Amino acid sequence: MQRFILPALLGVFACGRVHEPELTSTPANVASVPNGPAQQPDRTTASIVQAGATPETNGRPLVTANDLDKRTAELFGHALRLDAALPMPADSAIDGGGVVAPSWDIEVRSYETFDRVRFYVGSFTGSAKDRFAERLSRGTRYERLIRARLRAGGLPEDMYYLALIESGYNPHAYSRAAAVGMWQFMTSTAKGMGLRVDWWIDERRDPVRSTEAAVRFLRGLNEQFGSMYLAAAAYNGGPGRVARGLNRYADDLEGATGDDMFFALAEKKFLRSETSNYVPQLIAAALVAKESDRYGLSVEQREPFAYDSAWVGPRVPLAALAEASGSSLSAIQELNSHILRGMTPPFAARDSIKVRLPVGTRARFDSAFALLSDSARTGARPVTAEKGATWATLAKKHKVSVRALPLYNPKVKLAKGTGRIMAGTPLLIPTAAAASAALSIPDPAVERYGSGTRTHVVRQGENLSVIAKRYRTTPATIMRLNRLKKPMIFAGQELLVNGSPSSSRPTTKKATASKR
């Protein structure tokens, strides 16, 4: 999926993408790619710890029982005392001194002395510390969900920190290249991964559905490249570019295996600088996050994302869900962040659509919802445009804002010059309750296309033969270009292809630091 990575989450996070202030920037005197351990002087993490960090002895932090209680409560949601008969958290271990030490299921210790990793550790614990901690706190809302999905997908749970780099765990993150959500999917790839993206629903903003799609996508990339860090680089910079680099430097990379292959490729300066820095950011984030109190970070634990579900019909306003469940509108909006226009879609594939409710409200919902008036349960009503109607005259007649009407009538075209609506045009007039909960966002269907590109995002139902025919090449060539070990591809995967499309249908263009 292609997309620009904006100055976002952490300016530190290379060219991040959410519209948030930068944390830091890459200094000119720091190499753009890391060097291997053999070229680096030994340097303990203590040398980049900011003032106020936990003191160390022989490179190991001094941790008291109280510190231990606090730390484990922050990380795992409960206190863990050495004399308590509690199970050991999966990502921790007791060292010889009786201290709970963190562990990771992605390789971080082997790379923590690399220049770029050390730079980002210093950034995340220095000038960017407060914003980094804020985003870690936001992530605690979704951590249990994301780790469970990663585990179920057979991926390392600590790839959880990839969403920190991507968006700061912001479900509404939006890039200049129209990548959206916590996992920053472009529309084409999101649809290829089975997500619904249209005017009314954008599941890229749904923490559950988008996480499931990201896990499928990462699993496919990991199977393609045989390395989680190469998969992360491909997630950021595009599988086509990573495969092309591996092919171009195959002789030079001989002998490098697994995750070392990423760092060997990064040294060739072939990957864009953002992609070269992407994995070091991931490693640094994982290092700092699991030793947050060592670096003086205050990470607030938030209530885990959880919900009940119910089925309702089309055009049901979110305000009605809030009233029937006895909860706030903001709570309903947060649980249903993928519903864009303040109500369920006007036309459902079935007679009903599943919505989310706060935990514990399901029992009362059905009866309370049935007691609501028809007008309260309806977010928009159909009307027919009369001769000479404009948005302004309709807004005045139906007592709604002029700005709201186009949001509920995206396909209505106005006459040039007059701004009038053709008589007899069917329209939807939103209620004030629905309009007040609608999101003011760009068209989710917006995609960035370009001519001359030689990448293709796999669509549902496509195989190598179909794609090869379209680009006037062969399946074997596509497999070679993309270092595919088997003739198997998955929806949402970006493939490097040869030749030009045999039809005029546009293909997605890799933007600067494109990926999905």
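**View 1. Helix α12 sits largely enclosed by the rest of the structure, because six of its eight residues (318-325) are buried.** Buried here means under 20% relative accessible area, with exposed set at over 50% and partly exposed in between (1.4 Å probe, protein chains only). Helices (H or I, at least four residues) and strands (E, at least two) are DSSP runs, numbered from the N terminus. Look for Leu318, Ala320, Leu321, Ala322, Ala324 and Ser325, the buried residues of α12. Just past the end of α12 comes Gly326, whose phi is positive, at about 70°.

A word on the model: it is predicted, so local features need pLDDT of at least 70 and side-chain atom pairs count only at pLDDT 80 or more, while totals for chains, interfaces and linings use all residues. Residues are numbered from 1 along each chain as its sequence is written, and side-chain values use heavy atoms, with hydrogens and water left out.

**View 2. Helices α8 (residues 228-237) and α11 (residues 273-289) pack at an angle of about 130°, their axes 9 Å apart.** Axes are lines fitted to C-alpha atoms, for helices over the stretch in contact, and angles run from 0 to 180 degrees between N-to-C directions. The two helices are therefore oblique to each other, since angles under 35 degrees count as roughly parallel, over 145 as roughly antiparallel, 65 to 115 as roughly perpendicular and the rest as oblique. From α8, the contact takes in Tyr229, Ala232, Ala233, Tyr235, Asn236 and Gly237; from α11, Glu274, Thr275, Tyr278, Val279, Leu282 and Ile283. Sorted by type, the residues of this contact are eight nonpolar, three polar and one charged. Ala, Val, Leu, Ile, Met, Phe, Trp, Tyr, Cys and Pro count as nonpolar, Asp, Glu, Lys and Arg as charged, and the others, Gly among them, as polar.

**View 3. Ser103 belongs to the loop between β4 (100-102) and α2 (115-124).** With a relative accessibility of 23%, Ser103 counts as partly exposed.

**View 4. Zooming back out, the protein chain holds 18 helices and 10 strands.** Of its 516 residues, 55% are buried. Among contacts with a separation of 6 or more, 72% join residues 24 or more positions apart.

Notes:
Contact means heavy atoms within 4.5 Å.
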